[in-house]
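Have a look at the model first, then read on.

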Amino acid sequence: MQVDPAEISSIEFLSQAATSSAQPLSGRWVGTFHNSLGDSGTSTLTFAVNGNTITGSEDGVAIQNPQWDGTLLRFSAYSSSSNTTYQYQFQLTGERKAKITYQASSPTRSYSGYVNDYVRQ
């Protein structure tokens with residue numbers, strides 16, 4: 001079986017990320033979201049890592065309760081403008097690449113969504 005060299009570098013990156021700090025998260029991530037309501041558009045995440053502390057925002061809404069587990073970051077966010085709470089799972093998929101799934105709920109509706117093409121700028 002032949003292995004694509006690009007896959008090797010991704011595997012090596014993910015292995016290193018899983019045993020190190022959350023530093024690979026730092027920066028601005030841009031991708032295209034799709035949700036179960038039929039909406040799509042640009043999503044921008046920004047993360048900053050200072051020691052063991054992760055801060056950031058998703059399209060200007062501050063993240064809350066970040067939990068880093070090697071290559072997976074779980075966090076939530078609350079948008080007061082739409083009265084919506086979001087639960088996110090941000091997964092590193094390679095060097096400077098990631099995907100996310102999320103659940104959103106407000107008093108009037110619930111929906112889910114994803115971004116499969118985040119790239120760190």
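Which glycine in the turn between S4 and S5 has a positive phi? Some background before the points. This is a predicted model, where local features need pLDDT of at least 70, side-chain atom pairs count only at pLDDT 80 or more, and totals for chains, interfaces and linings use all residues. Numbering starts from 1 along each chain as its sequence is written, and side-chain values use heavy atoms, leaving out hydrogens and water.

1. To that opening question: glycine 70, with a phi of about 85 degrees, in a hairpin that has two residues between S4 and S5. Strands here are DSSP runs (E, at least two residues), numbered from the N terminus. S4 (residues 61-69) and S5 (residues 72-79) are antiparallel, with five bridges; a pair needs at least two DSSP bridges. Aspartate 69 sits opposite leucine 72 of S5.

2. Go back one hairpin. S3 (residues 53-58) pairs with S4 over two bridges, again antiparallel, and glutamate 58 has valine 61 in S4 as its bridge partner. Two residues separate these strands, and aspartate 59 takes a positive phi near 50 degrees.

3. Now zoom out: eight strands close into an antiparallel barrel, in the order S1-S2-S3-S4-S5-S6-S7-S8.

Conventions. Helix = DSSP H or I, 4+ residues; strand = E, 2+ residues; numbered from the N terminus.
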